[in-house]
Amino acid sequence: MDINPVPKKRYNVLQPEWSSHAVIYQVNTRQFSEQGNFEGVRKGLAHIKSLGADIVWLMPVHPIGEKNRKGELGSPYAVKDYLAINSEFGSEEDFKALVDEAHKLSLKVIIDWVPNHSAWDNPLVEQHPEWYAKDYKGDFRPSPWWDWSDIIEFDYEHVGLRKYMINALCYWVEKFDIDGFRCDVAGYVPNDFWQQAVHTLSAIRPVFMLAEWENRDLHENAFNMTYAWSWNETLHELAHGQCSLDRLRKYYSWNERSWPHSAYRMTFVSNHDKNAWDGTQREQFGDALEACIALSVVGEGMPLIHNGQEAGETKRLAFFEHDPIHWQEHEIGNLYRKLIALKKSKAVLGNGEYGARMIQVPNSKMDKVFSFVRCNENEKVFVVINFSNEQLDVTFEEPLFEGEYAHWERDEKKIFGADSVYKLTPWQFEIWVA
């Protein structure tokens, strides 16, 4: 039997060293401060840095369309001009000052890019109507099946549109020194366009690319990170007793066997979509919230903090109006700080190939308790999470978990052996380090 030669490497995106233990923080400029502008964000960068974040993701900074606008201020995702700054947020100089200050703090800045659609009154509608998708009547169309009436879709079969978008992406990197892009509904745009775009951007300098999509093939030649939507949905259903714990195991099996180890998956309990339409982090996860946050940070994946989570995320932020975050000291912020500090202190908790794989530790309550280790020759982190509202006594199997550990937070040491019985309160998580 003839065997064809092994093909060349399929996944070619190299992850920068600075991202090895990186954490990403999402900023809604309109709601981040009372001012609702770039200056308000600039003043908050030290706070973002104090959480342990490394990447600041700014929601769209462009002018917002007025035709068919939703609400008083409109959606930031209805872009009126890809080459301009939204005056609501400040001037070009204000934006440059924000990026410069972030870089002084060793923070990377990525901006939201909305390639799939534009506002109805974007000049491209008049200049290049052929670049837009049409419905069965020949009219401009919003994305089918969605209530996105304030936008109309592009058609990427047109070479001119691709050139325009790539030039626009380059403009922001060259003029404002940004470090990359978070790409809205990236899967609605052909993957070969992203490969063209990143190839051109890379000639300027390396950029960090985040796709709002969940598809491993986006990692072939374009994206550093994709959304772990399936992870979020699974944790949400677990928190509400709507699925078995095996569904979470299936996610990690899929992540390990079907996705390249080099691919970063963004793990999150909230973001602007979830907060606005599904509820605050506590509304979404109830008593399971702290355990889910812990898994987002110490499990495989890069954790996201949505602005305001660290202040308790006290409300659903209005999407089309000015509705500033209520800032306060909160236990969730303290939890994120401590978990992220732990992540950064352990090589095995790194992102992608920089960290160690999660290895399941079988236990006596497999329908309720999720347990795993991440380890190398020098370090071991043992994590136990009770995904139930019951008080449990649990034992563990196989020798990988055995050894002497220190608790990640308390001044306590413990030896785990084959006969160890561990008591867990409802929704409790425990992390032990060796």
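A salt bridge is a side-chain nitrogen of Lys or Arg within 4 Å of a carboxyl oxygen of Asp or Glu. Good morning. The model before you is predicted: local features need pLDDT of at least 70, side-chain atom pairs count only at pLDDT 80 or more, and totals for chains, interfaces and linings use all residues. Residues are numbered from 1 along each chain as its sequence is written, and side-chain values use heavy atoms, without hydrogens or water.

Let us begin with charge. Side chains of opposite charge can pair when their charged atoms come close. How many salt bridges does a search of the whole structure find? The search finds 29. Helices here are DSSP runs of H or I with at least four residues, and strands are runs of E with at least two, numbered from the N terminus.

I turn now to two helices. Helix α5 (residues 159-176) packs against helix α6 (residues 191-204) at an angle of about 35 degrees, and their axes are 10 Å apart. Axes are lines fitted to C-alpha atoms over the stretch in contact, with angles from 0 to 180 degrees between N-to-C directions. Contact means heavy atoms within 4.5 Å. Among the residues in contact are L169 and V173 of α5, and F193 and L201 of α6. Thank you.
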